[in-house]
Amino acid sequence: MGNTGHPPRFPAPGGAPRRSPRPLSPLREHLRDTFWFAPTAGLVGAVLLALGVLELDRLLVEALREQGAYDDIASLIAVADDLKGIITTVGSAMLTFIGVVFSISLVALQMASGQMTPRVVRLYVRSRITKCTFTVFLATFLFALMVQAAYESGDDPRTITTVPVISASVCGLLVLLSLALFVAYVNSTLRLMRVSHVIDRITRESFRVIDRHAVAEAGPPELPAAGGEVTHRGRAGVLRDVHIARLVRVARRHGVVLRLIPRIGDFVVPGTPVLTVHGGPPPPARALRYTVSVGVERTFHQDLGFGLRQLSDIAQRALSPAVNDPTTAVACLDRITQFLAAVAWRPLGTLHHRDRRGRVRLVRDLPGWTDLVDLGFAEIRGCATRSPQVTRRLMAALDDLRLLAPEDRRTPLERHRTLLVHAVEGAVRESADRAFALRPDRQGVGRSAPGDA
């Protein structure tokens, strides 16, 4: 379909007008960026599960003793003795298995980060299957130890208090679950070593940033006069995200409008102004605690340009003389084009968050269209002048986006096209080679010019 000249309306799946998404708390995203929370929760769950099933074993023996079924208790003791060797093996082997598996995986991950970008480690840390596998492995190990400790030295059906038969069966099920997760984990880790899957994962994360944020407003309302600024008092670092819901509540409670001065992804130091207060004095410092999150690296949570940053980094490394992999750069350009096409008609620039009464309470700046285009193409264009596969794909991307974007957003695309032509003309001597390098081709090198045999 061609460009109709009208922007899409961003409809909801059922055809109804899209409702503004609920502001997200950064807590869930911060927990996903850590590797301790899920294993810790798994260990606690393993302790609770072990206590529960061991109590069931105790109740079973007690019920059989009340019925006088001592032969049944003796049979359970025999079964538990047969399973004891399995439980002992699981307890001794599981921890060694964990160390070997994850050591090999970390070596493979180091190789992948060296070939693509060090930020690929973040995908590994955030991987649900990785955390789930590690959690179940540790939980199985701890559960086996607790079951093994529950065995009693005596074998008299009249004096024994518990026979860990149910708990041993549950331990066997955990071992089977661990094996299934191990297969899924190996498959997931191998996917992280394949550049096409890493690029696809980054792109999907970038689209989630778009989908869970409200559409920026065109023609923003005028703000009241500035009444002061709030400075950053914490440690220096990258502005990862802000607690939108809490800032809106604080602004509503004090009758002011807050404007975030730095963009998400900016590096801030103590004393840097982070909020401008409009319509009144600044709220007290205690009301603004835990509203601004600073860390050591950027995250996808509220950072619209972080995905393009990673795709550009992968493409530049692929075009370096040490790697020399233009096909990977073309794959990155495919996804950059996909992302820019998705936001081509979307209002960008300033995002307003309103309270329940519809009043603007928080204003923050998003990257504009020109910012995103420069982020996606500028550095790749500078590295691609001697790679006709990349220059041809870049020409096709710019031509496609010029057709998809509204007229007032075509200027940065035309600027990059002109700069690319000048760069290729300055780097390539032969006119035939220049013509070949500047011919648009969505596959890089895969389409001949009209009339060529």
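Me: Which residues form the nonpolar patch on the surface, and how much accessible area do they have together?
Reply: We're looking at a predicted model here. The patch is made up of Leu-56, Leu-59, Leu-60 and Ile-166. Taken together, their accessible area comes to about 300 Å².

Me: Which helix gives the most to that nonpolar patch?
Reply: Leu-56, one of the patch residues, is found in helix α2. That helix covers residues 37–66 and supplies three residues, the most given to the patch.

Me: Is Leu-56 buried, partly exposed or exposed?
Reply: Its relative accessible area is 45%. Buried would need under 20% and exposed over 50%. Leu-56 falls in between, so call it partly exposed.

Me: How far apart are the end C-alpha atoms of residues 163–186?
Reply: UniProt, in an unreviewed entry, lists 163–186 as a transmembrane region, along with 35–54, 86–109 and 129–151. In the model, residues 163–186 are 88% helix and 0% strand. Residues 86–109, for their part, are 100% helix, with ends 33 Å apart. For residues 163–186, the end C-alpha atoms lie at 36 Å.

Me: What is the strand order in the open sheet, and which strands are at the edges?
Reply: Three antiparallel strands make up this sheet, in the order β4-β2-β6. Two of them pair on one side only. Those edge strands are β4 (267–268) and β6 (292–295).

Me: Which residue in β6 is the bridge partner of Asp-241?
Reply: Strand β2 spans residues 237–242 and is joined to β6 by four bridges, running antiparallel. Asp-241 has its bridge partner in β6. That partner is Ser-293.

Key: Residues are numbered from 1 along each chain as its sequence is written. This is a predicted model: local features need pLDDT of at least 70, side-chain atom pairs count only at pLDDT 80 or more; totals for chains, interfaces and linings use all residues. Side-chain values use heavy atoms; hydrogens and water are left out. Two strands pair if DSSP finds at least two bridges between them. Helices (H or I, at least four residues) and strands (E, at least two) are DSSP runs, numbered from the N terminus. UniProt positions are given in the numbering used here, feature names are shortened, and annotations may be inferred rather than shown by experiment. Patches are made of residues with over 30% relative accessible area and no salt bridge: like charges are joined within 9 Å, nonpolar side chains (Val, Leu, Ile, Met, Phe, Trp, Tyr) within 5 Å. Accessible areas come from the Shrake-Rupley method with a 1.4 Å probe; for residues, only the protein chains shown count as cover. A salt bridge is a side-chain nitrogen of Lys or Arg within 4 Å of a carboxyl oxygen of Asp or Glu. Buried means under 20% relative accessible area, exposed over 50%, partly exposed in between (1.4 Å probe, protein chains only).
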